[in-house]
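Here are my notes on this one, jotted down while going through the model. Have a look at the structure first, then read on.

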Amino acid sequence: MPVGMLIDTTKCILCLRCENECHNFYGLKNKRLEGSSEKPELDAYHYVVVKSYEVPTPNGTKVIGVSKRCLHCFSPACVSVCPVGALHKTPEGAVIWDEGRCIGCRYCQNACPFEIPKFEWDVAWPKIQKCIFCLERRIRNGQNPVCSDVCPTQAIRFGDRADLVAEAHKRIAENPDVYFDHVYGETEVGGTFKMYIGAVDMRELGFPETETEMYPNFTHEFLSKIPVEIASLALVLGGIYTFRSRRMAAAGQDNSHNEKRG
């Protein structure tokens, strides 16, 4: 069964544990811990970012915390525009990236309605980076994503997507004075595997207003307009990257053999 995640912003206490644990688990840079005065944004070194928003209420201004990351769409625009299939959807619902295929065209960045895939600009052989749903190291080992396990208020819940949708609507129906009546991600872009509920419209917390139609219906038209020359360049660059990767792997094996002989 496809898994999902429900993030309830009414329960977020801005403790940053989900953000910090993600950084620690994947060995990412952390601007907050490095003492930077710059507030972190989702980028190549921040798969999860906790942001705070001040929103007006009848009783004054309220600060709301929201844990942001890739939403893992049912039918991802990033996957549909990739000319070499470097991004793909897994049966569990996670959208992941294959380094061996990527040619660095960054079409995925331009296609994503949530502006999620990020490019490493400061390394020689950059990667596309984003939340990968802890697929290989956690979910496929029968464990929850690290962010959901460390949340002290259970603002982040992991489980079967259908069960989480039902739980979201149950909370809204039972507490109409607490929740805004919408599950963000249930129908946006045709549906996402990570969904949000809260006291206000998610558009007030920096989420875009999107179509309910799956975005590949639009991106296929975009891909059809890519010139043949660019498509050919993609194949050439892909071949170069594959050749280089094999050379590096062979060199690594030779070094290993030499060390054993020594």
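1. Let's start with Asp8. Leaving out neighbours within four places in sequence, Asp8 is in contact (heavy atoms within 4.5 Å) with Ala155, Arg171, Tyr179 and Ile197. Asp8 sits in strand E1, residues 3-8 (strands are DSSP runs of E, at least two residues; helices are H or I, at least four; both are numbered from the N terminus). Asp8 is buried, at a relative accessible area of 0% (buried is under 20%, with a 1.4 Å probe and protein chains only).

2. A word on the basis: this is a predicted model, where local features need pLDDT of at least 70 and side-chain atom pairs count only at pLDDT 80 or more, while totals for chains, interfaces and linings use all residues. Residues are numbered from 1 along each chain as its sequence is written, and side-chain values use heavy atoms, without hydrogens and water.

3. Next, helix H1 (residues 17-26): Cys18, Glu19, Cys22, His23 and Tyr26 are buried there. Viewed down the axis of H1, the buried residues fall within an arc of 135 degrees (taken from the directions from the helix axis to the C-beta atoms), so they line one face. They pack against strands E2 (49-57), E3 (60-68) and E8 (156-160), and helix H4 (146-150). After H1 comes Gly27, with a positive phi near 65 degrees.

4. Finally, the cysteines. The disulfide count is 0, a disulfide being a pair of cysteine sulfur atoms within 2.5 Å. Cys22, buried at 5%, has its closest cysteine sulfur in Cys134, 6.4 Å away and so too far for a bond. Cys82 is in no disulfide either, as the nearest cysteine sulfur, that of Cys105, is 5.7 Å away.

Notes:
Buried < 20%, exposed > 50% of the residue type's maximum accessible area, 1.4 Å probe, protein only.
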